[in-house]
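Here are some notes for a colleague who is coming to this structure for the first time. They are arranged as numbered points, to be read beside the sequence and the model.

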Amino acid sequence: MSYDGIAQTVSDRYARAAATGEQICCPTGYNFDDLRTFIPDEVLKISYGCGTPAGLETVRIGETVLDIGSGGGIDCFEASRRVGPTGRVIGIDMTDTMLDIARRHAPVVAANLGYETSNVEFRKGMAESMPVEDDSADLIISNCVINLAPDKRKVFHEMNRVLRPGGRFTISDIVSDQPVPQYFVHDTEKWGNCLSGALRVSDYVGGMVEAGFLGIHQVKFTQWQVIDGIHFLSITLTGYKLPEAMEHNNGLFATLLGPFSRATDESGQSYRRGIPQPVHGRTAHLLSALPYQSLFLVSETPVTLEPSDPRWLAILPEQKPCVWKGDYALFTGPFTEVEDDDDHLYQRGIPLEICSKTLKVLETDAYRPHFAMINRATAEISGTQVACSPSGGCC
Ligand SMILES: C[S@@+](CC[C@H](N)C(=O)[O-])C[C@H]1O[C@@H](n2cnc3c(N)ncnc32)[C@H](O)[C@@H]1O
């Protein structure tokens, strides 16, 4: 299928769904009782997202928020409430039926929020060539759209163009644990159902890094469905566009606290737990943002930590046998790769098979936010115990 053919197929699918109020797509996590207090039902019933990118405390008062693939407008209206009357929201969509519904309800939502006029504008356009000025958005959100775009590389570059330096994105989308096969890619129905265009996490995040974003990490993930052994997940990711000129603040140091024993960031800089590393002002700025700020100590003088220091965070596996049960750990950032205290190397977006002992480590509060867990076993597991060495290493 050609790029234009895919876009037309997807647009027709969503125009049809919006016109009939058909229920499609994925788990979101909205509090519909709350949204119903100011968003009309006609909008809520055509919510086709797979997350809540505007409802995760990401939106700040007074900001300019851009929603890519705004559909009936649900996330634009939630963002409208959160930015307040001094803020602004722009929704982009390629489908006229969606735009008509969203535009018709904008004044109703504004009145329900007590605003004099609506602070939301809906523009017709493609995610691959957005009708938006350079460096103009504080925050980009998008909900279950980029998987539908045939040229994701272009979308990521467009995101980087329109986001202001210092801005960020929070994107919910469908991704997969392995490449989607050609019999999915060339299936018209599956494009509209958010399956054919799903990228592996490593490719999705790789595209964002290639477009210039940094600090990409998971905010939330939900298992969605398994088809022909392929796990489709709904994931919400955040990342940053850093200002270029921040090198003046050199002479800073960053010490990794843990739980990782080693981590490599997107610029190739490697950190060992407890060892201070000189960093540029730009990196120090990034390491002071979420989720790095709880992982690092940023200081003006080098600070070395000993294992006895209360800030040193290590989570050791239990000294007992392992059982392999089909579990895989999918590291989702904010680093390109990390190591744990049992010498496992996790590369972002690449599932690594782990045993029960490692699963327990990764389910602790310190590790959990950085991983999506999947289980690929399809039948009963006999659960043979594997002996570990006295130092704990076995898998
Ligand atoms: C799954 S719906 C999600 C709509 C909305 N974000 C929500 O959460 O309800 C996908 C929307 O993205 C739009 N869309 C898909 N691909 C697009 C593209 N390449 N450029 C612009 N809009 C696109 C469709 O028209 C549709 O309204």
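1. A definition is needed before the strands are discussed: two strands are said to pair if DSSP finds at least two bridges between them. Please also keep in mind throughout that this is a predicted model.

2. With that in hand, consider strand S9 (252–256) and strand S13 (296–299), which run antiparallel and are joined by four bridges. Within this pairing, Ala254 stands opposite Val298, a residue of S13.

3. These two strands belong to an open sheet of three strands, whose order is S12-S9-S13 and whose pairing is antiparallel. Strand S12 (276–279) and S13 stand at the edges and have a single partner strand each, so one side of each is left without a neighbour in the sheet. From one strand to the next, the twist averages 30 degrees.

4. Another joins Leu290 and Pro291, with omega about -5 degrees, and here Pro291 is found in the loop between helix H10 (281–287) and strand S13.

5. Positive phi angles are worth checking at residues that are not glycine, and Cys194 is such a residue, with a phi of about 65 degrees. Cys194 is found in the loop between helix H8 (188–192) and strand S6 (199–200). Is Cys194 buried or exposed? Cys194 counts as buried because it has 23 C-beta neighbours inside 10 Å, where the cut-off for a buried residue is 20 or more.

6. Asp343, which is not a glycine either, also has a positive phi of about 65 degrees, and Asp343 is found in the loop between strand S16 (337–339) and strand S17 (345–347). With 11 other C-beta atoms within 10 Å, Asp343 is exposed, because the cut-off for an exposed residue is 12 or fewer.

7. Turning to the overall layout, the chain is divided into domain 1 (3–240), domain 2 (247–299) and domain 3 (322–386). The centres of domain 1 and domain 2, taken over C-alpha atoms, are separated by 31 Å. Five residues from domain 1 and five residues from domain 2 take part in the contact. On the side of domain 1 that touches domain 2, strand S7 (residues 214–227) gives the most, with three residues, and the residues of that side divide into three nonpolar, two polar and no charged.

How values were computed. Residues are numbered from 1 along each chain as its sequence is written. This is a predicted model: local features need pLDDT of at least 70, side-chain atom pairs count only at pLDDT 80 or more; totals for chains, interfaces and linings use all residues. Domain bounds come from an automatic or database domain assignment. Two residues are in contact if their C-beta atoms, placed from the backbone, lie within 7 Å. Ala, Val, Leu, Ile, Met, Phe, Trp, Tyr, Cys and Pro count as nonpolar, Asp, Glu, Lys and Arg as charged, and the others, Gly among them, as polar. Axes are lines fitted to C-alpha atoms, for helices over the stretch in contact, and angles run from 0 to 180 degrees between N-to-C directions.
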